[in-house]
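Reader: I have a model open and would like to go through its architecture with you. Could you take me through it step by step?
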Amino acid sequence: MTATVIWKEGLAFKGESNNHWVNVDTPVDGGGSNTGMNPKQLLLVSICGCTGMDVVGILKKMKVPYTQLTIIAEAEQTHDDPKVFKYVNLIYKTDVKENDLDKLKKAIELSQTKYCGVSIMIKKHCPINYTIELI
């Protein structure tokens, strides 16, 4: 696996991996132009995407029906450099039926403890907690 970033201007970069591109920048108040997500935001998106793919795959194997799944990551970072996450809280929002809630919990647990490499790497630094909201 490889990734490349190409400097554009200011603090803006264009990131590429496997012929997929993403803009990386920082907000204006941080010295950037706000043309893309900052690296820590990308990391939160990566956590959500990784666990989301796991949960979708596991629920499919369990034959659990749903039509919506949204995962929100909230993190607080330290004030001193290097500014790192103190914790990450994940919120899984889905319309899984109440009688399938135990299966959903099992899918999330498997993702967070066995399959999601991004979460497992981040957990070595800070806790990742989660809640479920049925919609």
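Predicted model: local features only at pLDDT ≥ 70, side-chain atom pairs only at ≥ 80, totals over all residues.

Reader: What box do the C-alpha atoms fill along the principal axes?

Author: The C-alpha atoms of the protein occupy a box of roughly 50 × 35 × 25 Å along those axes.

Reader: And how many helices and strands does the protein have?

Author: There are three helices and six strands. In sequence order, the pattern reads β-β-β-α-β-β-α-α-β.

Reader: Turning to the sheet of three strands, what is the strand order?

Author: The order is β4-β5-β6, in an open sheet with mixed pairing. Its edge strands, β4 (69–77) and β6 (128–134), each pair on one side only. On average, and with direction ignored, neighbouring strands of this sheet are turned by 20 degrees against each other.

Reader: How many bridges join β4 to β5?

Author: Nine bridges connect β4 with β5 (residues 85–94), and these two strands run antiparallel.

Reader: Now the helices. Which strands does α1 lie across, and which does α2 lie across?

Author: Helix α1 lies across β4 and β5, and it runs at about 145 degrees to β4. Helix α2 lies across β5 and β6, running at about 155 degrees to β6.

Reader: At what angle do the axes of α1 and α2 cross?

Author: The axes of α1 (residues 39–62) and α2 (residues 101–115) cross at roughly 135 degrees and come within 9 Å. The two helices are therefore oblique to each other.

Reader: Is that crossing left-handed or right-handed?

Author: The crossing of α1 and α2 is right-handed.

Reader: Which residues make the contact?

Author: From α1, the contact is made by Thr-51, Asp-54, Val-55, Ile-58, Leu-59 and Met-62. From α2, the residues are Lys-103, Leu-104, Lys-106, Ala-107, Ile-108, Leu-110, Ser-111, Gln-112 and Tyr-115.

Reader: How many of them are nonpolar, polar and charged?

Author: By class, the contact of α1 with α2 comprises nine nonpolar, three polar and three charged residues.

Reader: One last topic: of the contacts with a separation of 6 or more, what share comes from residues 24 or more positions apart?

Author: Residues 24 or more positions apart account for 47% of those contacts in the protein.

Notes: Residues numbered from 1 in each chain as written. Heavy atoms only, no water. Axes fitted to C-alpha atoms, helices over the stretch in contact; angles between N-to-C directions. Helix = DSSP H or I, 4+ residues; strand = E, 2+ residues; numbered from the N terminus. Parallel < 35°, antiparallel > 145°, perpendicular 65-115°, else oblique. Left-handed = near helix turned anticlockwise from the far one by under 90°. Contact = heavy atoms within 4.5 Å. Nonpolar A, V, L, I, M, F, W, Y, C, P; charged D, E, K, R; others polar. Pairing = 2+ DSSP bridges.
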